[in-house]
Amino acid sequence: MSAALGRLFHLLFDRVASAAFIRWRYEKKYRQSVAASVQELQGGNLVERSIRLDQMYVPSLLTQEMRPDVRSDLADRFRTRDEMRQRQQAQAVGPWQALQTFPRYVVLGGPGVGKTTYLYHLAFMCALRRRSEVAQHIPVFIRFRELVQDLTKLQRLEDYFPRLFAGHDFPNATRFVMQQLALGRCLILLDGLDEVPSEEDHQRLITLVQAFADRYVPAAVSPVTPRSQTQNILVVSSRKYSYEHGTQLTGFPKTEVMEFDNPAIAQFVHNWFGTNGALADELIAALQGNARFLELARNPLLLLLIAHHYERERNLPGLRAELYQHCIRTRITRWNTTRGTHQGRFGENDKWRMLRDLALHIFQHEEKGLLWRTDLLDWVENFAEVGRLPEGTTAEMLLDEVARTSGLIQEWAIDRYGFSHHTLQEYFAADAINRLGPDQGAALLEPYLDRPAWKEVILLYAGQTDNADPLLRRLLARARRPDGGGALWLLAAGCLAEGARQVADVARRELTATLVSLLQDPADPLTEAGRETALAALPLFAADLLPPHVTALLAQENSAVALLAARLLPDNAPADLRAAVQGRMVALAGDADLATQQAALAALGRLGGADAGAVAALRLALSDADAAARAEAALALARLGAAAVTPDVVDALRRMHEADAADAPRQAALAALLALGQAAAVGMVHVPAGEFLMGSGDDDRAAGKDEKPQQRLYLPSYYLDRAPVTNAQFRRFLEAGGYANPAYWAEAQAAGRWQDGQYIDYNDKKWDRPRYWDDAQWNGATQPVVGVSWYEALAYARWAGKRLPTEAEWEKGARGTDGRLYPWSSEWAAARANTEEAKHKQTTPVGQYSPAGDSPYGAVDMAGNVWEWCSTRWRDEGGKEYTYPYNPNDGREELGGGDDVGRVLRGGSWYNDQKLARCAARPWFRPWTGYDSRGFRCCATSSLVPGTEF
């Protein structure tokens, strides 16, 4: 009877799936289940502890096809990876901006760079309705590896969705799913397009995804046309190399996950170590002193392994492969302490051998990683004939235990098994090949040298083997063939950069000469990514071989070849060669060709040193007629460091920052002055990286509930305006046509608050200046500008090359690290701030209460005078409050949302009393308000600065 009633209930549910009470019940459970399923990060399979998304996530920027496989301009062709990262960062989008722009797109990146984590984040925030952009969407998260068993049965991709929903406690969801797709309420996240078992499966998936997208997800009209808020969104992830060398989806813009910059590395490390800030700082210092591992740490997965290793060993290992070895050994040791079938003769070495042999078997027979259970059991039984299983156990028992206990193998789909992380499989396969010995290992790899799926295996093997010469001989022999191509030369270079040992010097010389030849080939046979690989690898394995090549290149008349010589100059080059290169770059810095000039200016900054000619050439270029050249010269001076800090250079940069009409040079001058330690010259103070006490404790009786609980929060380094923006400073924005430039007003325009060069206030009155601009009571040159809305403050900050501070940055800048109530101490002092108690009844010139009222970092007027806009949301469009603990990744730092989003103000004002002048007080107002007590100050992130500190 009960079974019949159950069937009846589900039948009725299927027919009336839109009924509110049924939909609400199942949708809530489904969302909770999805959130729980993506909460645990995949890196947890490599280390001993749980890694939670909400605790560890550090946002990664996405580029928008910044590295196409076409010839790049001359200035970019010779930039370092660090320089390219800085340029990309300026044009990249945040983790949610791509989703707001493109209805469908592909997320690309190398192994471990964070593609899956990005999709996890989207799914998690959507499932819990923590982002307004997708609060009404239903997350549909599919790992392609889990889909393979159904591929031959699926006629349409959406036919799989009901089964997925059923696995998340949502039975009979077919009608519901189709309704949501029809309404445009689905966020579909498809992970690991490159990880399906075969090329046939890959093609089948491409067909299914393309047909699904064409039915339900419109292609983007253009990169600048935002998607509709009521349409489905489809995001697909894949390794970049595999995707770009195979069949691609049509109508899917490509984005690429950027590597971590220094502040992101520091944030991740502090997230990992939690309350142990001292150990986090110790690891950061170790990375700063080790350039090789600092580069590895830009990959989130490798940074995870580095942090795990450092926590236990208090040192950095020698090579990348050693990171995997340490973490896997730890996992196997832990597995061995758990009671199971392995107890007895099947010990740690047997387990390691089983995993590495299995990985190699999968690569050779399946290549991308999944085996049917029956095939895997046959393999385990054959393996056990040599290793012997403990008495009374079976291969099936061992397999189930491995999947359940080790964290290294898992059941991806019903009866389909594979390694829990693709990188694990690659490492174990490389280790298995290494055990064969140099000659046999190289012979085994030879048929796979041009197979994209084997690239990481080959690189990891090259870093492990004691003798990589047999592998390099085969690689170079293949590369020399007419059909060899640049990819094989680059793979060989990658092997040497991994630390390959015992490579014959003749092979190293041939590879160096060939890469230098390819780099100077006018036909440009390498892609931009290939050029970057070659330029990054050469100094790692051929620093001693490069000087003669640089000399030969320098002797040529061709400017591009001379620029290549500067790029290839090793750090330990002879002084006379360095001087010769600098002299050539000084000459090219005045070249009539703008691209050549920019490239030469960048090279002068990269070469470093205290060469007077280089500094003079860069100083001269600050006055160049071309804005791009002026900007390049400023950034080059920043890279020169102390050698560029002369009164003349500092004064020229300061004048450029204050008066240049073009954005790029003006903002580059700001970045340069900050990098050169001249923050005071641009009216800013430095707030170093580290933790501080944010919010109010229970002992503060004046505190509101929205200030609690108090927390320790880590922030990367940044710069804060010493004082609120004054009328004199805002006048520069007006005179530069700031109100007329739409580039500064995107949020105001979207909210209907800006049109045709004028700001539209809450009374629909149009303004081309702040509301009290002509009022003598408020418009003194050194008084803080007032009457500015949040939109106007944001526009000014963009023009200045800065941004509004987050409320966390504002609070740390105001109170320092010790949780004091006021900038000067925890004791109120009326003589130190312009508040109601001072009875001025208007603003006072900024700094009038300095130094007595200064913050620990030297910022003035952070208590009283004017309320200061922060970027942070206090509540969202729907009225949901952003409570503490403060989490910058939960949507509160998004700039969109319009008039209904309440924005945080800080610091109190001349109109308010001491209670609201406390550093932790955080009232809010709508962004269109602009009264005589409202002002702002700006912030600059360290990542704006070349060679940024942590």
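# Talking through the model: loops, helices and cores

Visitor: Does Asp756 count as buried or exposed, and at what relative accessibility?
Guide: With a relative accessibility of 67%, Asp756 counts as exposed, because the cut-off for that class is over 50%. Please keep in mind throughout that this is a predicted model.

Visitor: Where is Asp756 found?
Guide: Asp756 sits in the loop that runs between strand 14 (754-755) and strand 15 (758-760).

Visitor: Okay, on to helix 10 then. Which of its residues are buried?
Guide: Helix 10 spans residues 174-183, and Phe176, Val177, Gln180 and Leu181 are buried in it. When one looks down the axis of helix 10, these buried residues fall within an arc of 130 degrees, so they line one face of the helix. On the other side of helix 10, Ala182 and Leu183 are exposed. The residue that follows helix 10 is Gly184, with a positive phi near 75 degrees.

Visitor: What about helix 36, which residues are buried there?
Guide: In helix 36, which covers residues 727-735, the buried residues are Asn727, Phe730 and Phe733. Viewed down the axis of helix 36, they fall within an arc of 105 degrees, and so they line one face of the helix.

Visitor: What do those buried residues of helix 36 pack against?
Guide: The buried residues of helix 36 pack against helix 38 (790-800). Helix 36 is followed by Gly737, where phi is positive and near 80 degrees.

Visitor: Switching to cores: how many residues has the largest nonpolar core?
Guide: The largest nonpolar core has 241 residues, and the ones with the most contacts inside it are Trp454 and Met585. Leaving out residues up to four places away in sequence, Met585 touches Ala562, Leu563, Ala566, Ala600, Ala603, Leu604 and Leu607. There is also a second, separate core of 28 residues, which includes Phe730, Tyr759, Trp790 and Cys938.

Visitor: At what angle do helix 24 and helix 25 pack?
Guide: Helix 24 (residues 469-480) and helix 25 (residues 486-497) pack at an angle of about 160 degrees, and their axes are 8 Å apart. The two helices are therefore roughly antiparallel to each other, since that description applies to angles over 145 degrees. The crossing in which helix 24 passes helix 25 is left-handed.

Visitor: Which residues in helix 24 and helix 25 meet?
Guide: From helix 24 there are Leu471, Leu472, Leu475, Leu476, Arg478, Ala479 and Arg480, and they meet Leu488, Trp489, Leu491, Ala492 and Cys495 in helix 25.

Visitor: And how do the axes of helix 13 and helix 16 cross?
Guide: The axes of helix 13 (residues 262-273) and helix 16 (residues 300-313) cross at roughly 45 degrees and come within 10 Å. Helix 13 and helix 16 are therefore oblique to each other, and their crossing is right-handed. In this pair, Ile265, Phe268, Val269, Trp272 and Phe273 in helix 13 meet Pro300, Leu303, Leu304, Ala307, His308 and Glu311 in helix 16.

Visitor: Back to the backbone: where is the peptide bond cis, with omega near 0 degrees?
Guide: That is the bond from Lys708 to Pro709, which is cis with omega near 0 degrees. Pro709 belongs to the loop between strand 11 (690-694) and strand 12 (711-715). Ser850 and Pro851 are also joined by a cis peptide bond, with omega about 5 degrees, and Pro851 is placed in the loop between helix 39 (807-815) and strand 17 (867-875).

Visitor: Last one: is Ala98 buried or exposed?
Guide: At 1% relative accessibility, Ala98 counts as buried, because the limit for that class is under 20%. Ala98 has its place in helix 6 (residues 97-101), and, setting aside neighbours within four places in sequence, Ala98 is in contact with Leu62, Val93, Tyr105 and Tyr118.

Technical notes. Residues numbered from 1 in each chain as written. Predicted model: local features only at pLDDT ≥ 70, side-chain atom pairs only at ≥ 80, totals over all residues. Heavy atoms only, no water. Buried < 20%, exposed > 50% of the residue type's maximum accessible area, 1.4 Å probe, protein only. Helix = DSSP H or I, 4+ residues; strand = E, 2+ residues; numbered from the N terminus. Arc of directions from axis to C-beta. Core = buried A, V, L, I, M, F, W, Y, C linked by side-chain atoms within 4.5 Å. Contact = heavy atoms within 4.5 Å. Axes fitted to C-alpha atoms, helices over the stretch in contact; angles between N-to-C directions. Parallel < 35°, antiparallel > 145°, perpendicular 65-115°, else oblique. Left-handed = near helix turned anticlockwise from the far one by under 90°.
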